[in-house]
Amino acid sequence: MSTEKTRETTGSVEEKVISGRKMGAVMLCVIILMFAASTALYVIGGMRLGKDEAEVLGNALMVLATVLVVAGVILCPGLKVIHPQEALVLTLFGQYYGTLKDTGFYFVNPFCTAMNPAAGTRLGQSGDINDKGAAAEARAEGKRISLKIMTLSNSRQKINDYLGNPVEISVAVIWQVENTAKAVFAVDNYKEYLSLQCDAAVRNIVRLYPYDVAPNVDTTGDGKADDGSLRGSSDVVAKRICEEIQSKVENAGLKILDARITYLAYAPEIAGVMLQRQQASAVIDARKMIVDGAVGMVEMALERLKEDDVVDLDSERKAAMVSNLLVVLCGNHDSQPVVNAGSLY
């Protein structure tokens with residue numbers, strides 16, 4: 001007797017994992033014996049056909065041999081071999097029969113048909129590339145569903161960020177099939193469904209973030225401005241994309257394990273302008289740091305001169321000294337000293 005483990009529900013269809021039917025080796029031996037017996041009966045029946053007294057028996061042996069051959073041919077499709085990390089969804093006369101998941105050599109109802117609508121779908125992902133080698137491998141696997149962890153990497157998308165700037169982004173999604181019944185019966189093609197949902201999720205999340213940190217932008221939805229950005233918060237963005245995809249493909253029996261941003265840049269039409277903007281911001285920040293340091297050094301110099309009573313400067317001379325020091329400290333080029341050989345005043 002076989003045991004069936006009921007898993008999650010997908011509408012009116014439950015995933016039933018078939019176990020306890022690993023009788024493939026026994027049935028294979030039975031089928032081989034049937035073909036051997038039919039061969040022997042053909043030989044014996046053929047020898048008796050030429051004799052009048054044994055012609056009836058010969059005809060009976062020939063009919064029995066034919067029955068054994070037909071029975072063996074009918075039983076052969078019931079032999080199923082399941083390799084590690086693969087599954088086979090079976091239907092019987094239009095009804096869901098069960099799923100073979102455990103590794104082994106099975107014998108099931110020979111009239112069962114394997115179902116996998118995505119068997120011929122080639123996606124740009126590891127182990128599933130659209131080339132001749134992958135196509136031959138897919139034909140060899142037939143209708144089997146891979147339970148391995150796979151990586152989906154869709155092509156780059158051009159999306160407008162929160163500020164309306166076009167950016168190009170590419171995301172790699174780590175996924176696997178968790179519920180075979182949902183994957184086969186709940187959606188038309190679970191691979192294409194996953195690809196489309198990945199594109200939609202990336203667009204929904206990317207438009208919530210600016211490329212760089214911008215003022216007065218709320219990326220978390222709590223009503224408060226924050227410093228979230230695509231470039232600076234890539235881990236947070238990837239996590240939200242992963243959660244968004246998972247919520248969309250839950251009904252297809254798929255599990256999203258991780259999502260990572262593999263490419264992120266401004267679109268070519270604005271990349272040059274944005275680079276100049278970044279350079280200008282960097283120059284302004286550097287100048288601000290230089291000026292802050294120069295002012296501190298001038299203040300320290302004036303305080304030291306006053307404490308040590310080196311020279312007594314009036315307001316006009318202090319202003320001239322501050323001006324000269326700032327020019328020396330903030331200038332882009334080396335200063336040219338001028339020696340005053342006369343009186344200070």
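**A close look at one helix**

Guide: Let's settle on helix 6, whose buried residues are Val237, Ala238, Ile241, Cys242, Ile245, Gln246 and Val249. Buried here means under 20% relative accessible area, exposed means over 50%, and partly exposed covers what falls in between (1.4 Å probe, protein chains only). Helices (H or I, at least four residues) and strands (E, at least two) are DSSP runs, numbered from the N terminus.

Before going further, please keep in mind that this is a predicted model, in which local features need pLDDT of at least 70 and side-chain atom pairs count only at pLDDT 80 or more, while totals for chains, interfaces and linings use all residues. Residues are numbered from 1 along each chain as its sequence is written, and side-chain values use heavy atoms, with hydrogens and water left out.

The helix covers residues 234-249, and its end C-alpha atoms lie 22 Å apart, which agrees with the 22 Å that its 16 residues should span at 1.5 Å a residue. (The expected span is 1.5 Å times one less than the number of residues.) Its buried residues are covered by, among others, strand 11 (166-177), helix 5 (190-206) and strand 12 (254-266).

As a general point, nonpolar side chains in soluble globular proteins tend to be buried together.

Contact is counted for heavy atoms within 4.5 Å.

Arg260 and Asp235 meet through their side chains in a salt bridge (3.4 Å, N to O), where a salt bridge is a side-chain nitrogen of Lys or Arg within 4 Å of a carboxyl oxygen of Asp or Glu. This pair links distant parts of the chain, with Arg260 in strand 12 and Asp235 in helix 6, 25 residues apart. Asp235 is exposed, at a relative accessible area of 53%, whereas Arg260 counts as partly exposed at 43%. Asp258 joins these two in a network of salt bridges. Asp258 sits in strand 12 and is partly exposed, with a relative accessible area of 27%.

Beyond its neighbours within four places in sequence, Asp258 contacts Ala172, Val173, Ile174 and Cys242. The C-alpha atoms of Asp258 and Cys242 are separated by 6.1 Å, although the two residues are 16 apart along the chain.

Now for the wider setting. The chain has 8 helices and 12 strands, and buried residues make up 35% of its 345 residues. Among contacts with a separation of 6 or more, 65% involve residues 24 or more positions apart. The whole structure holds 5 salt bridges. Another one pairs Glu86 with Arg144 (3.2 Å, N to O). Glu86 is in strand 4 and Arg144 in the loop between helix 3 (132-141) and strand 8 (145-146), so this bridge ties together parts 58 residues apart in sequence. Glu86 is buried, at 10% relative accessible area, while Arg144, at 21%, is partly exposed.
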